[in-house]
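Open the model in your viewer and keep the sequence panel beside it. We will go from stop to stop, selecting as we go.

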Amino acid sequence: MDNFYNVKTQINANLEPHDKLNTLIHEILHSCVYVSGLNQKGAPLEEDSSEEIVVNNLTNIFHTVLRDNPWLVKFINEYIPKTKTKEK
């Protein structure tokens with residue numbers, strides 16, 4: 001994964017598909033926590049252990065939502081290209 005901070009995440013090619021997707025979602029959520037400042041001093045996820053618990057739980061829930069709702073993945077794929085990116 002390559003984001004605007006130029007951080008790259010590598011996923012082990014030997015993982016099972018379920019684990020590859022879980023790892024990707026997990027790392028995306030860590031990036032979301034960081035970018036949103038939720039893990040900064042005084043923020044709700046300041047403690048690494050708290051962040052990991054929240055990210056693990058949300059990863060498993062989001063993975064299940066995507067798996068159990070294939071229409072949602074199609075919907076996202078259809079509408080993402082139609083969204084506008086905010087200019088900086």
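This tour starts with the whole chain and then moves to single residues.

**Stop 1: the whole chain.** Show the cartoon. Keep in mind that this is a predicted model. You will find three helices and zero strands. Follow the chain along its sequence and the pattern reads α-α-α. The C-alpha trace spans about 40 × 35 × 25 Å along its principal axes. Of the 88 residues in the chain, 16% are buried.

**Stop 2: the core.** Select I25, L29, V33, L45, V55, L66 and L72. These seven residues make up the largest nonpolar core. Which helix gives the most to this core? It is α1, with three residues. Helix α1 covers residues 17–36, and both α1 and α2 supply at least two core residues each. In soluble globular proteins, nonpolar side chains tend to be buried together. Setting aside residues up to four places away in sequence, L72 touches V65 and L66.

**Stop 3: T59.** Move to helix α2, where T59 lies. Is T59 buried or exposed? T59 counts as buried because its relative accessible area is 2%, and the cut-off for buried is under 20%. Show the side chain. One of its polar atoms lies 2.7 Å from the backbone oxygen of V55. Now display what surrounds T59. Beyond its neighbours within four places in sequence, T59 is in contact with N22, I25, H26 and L29.

Stop 4: F62 counts as partly exposed because its relative accessible area is 39%, between the 20% and 50% cut-offs. Together with F62, they make a nonpolar surface patch of about 390 Å².

**Stop 5: across to α1.** Select C32, which sits in helix α1. At 41% relative accessible area, C32 is partly exposed. C32 and V55 are 23 residues apart in sequence, and their C-alpha atoms are 9.7 Å apart in space.

**Last stop: the contacts.** Residues 24 or more positions apart account for 45% of them.

How values were computed
Residues numbered from 1 in each chain as written. Predicted model: local features only at pLDDT ≥ 70, side-chain atom pairs only at ≥ 80, totals over all residues. Heavy atoms only, no water. Patch = residues over 30% accessible without salt bridge, like charges linked within 9 Å, V, L, I, M, F, W, Y side chains within 5 Å. Areas by Shrake-Rupley, 256 points an atom, 1.4 Å probe, with all protein chains shown as cover. Salt bridge = Lys/Arg side-chain N within 4 Å of Asp/Glu carboxyl O. Buried < 20%, exposed > 50% of the residue type's maximum accessible area, 1.4 Å probe, protein only. Helix = DSSP H or I, 4+ residues; strand = E, 2+ residues; numbered from the N terminus. Polar contact = N/O pair within 3.5 Å; in protein donor to acceptor, adjacent residues only side chain to side chain. Contact = heavy atoms within 4.5 Å. Core = buried A, V, L, I, M, F, W, Y, C linked by side-chain atoms within 4.5 Å.
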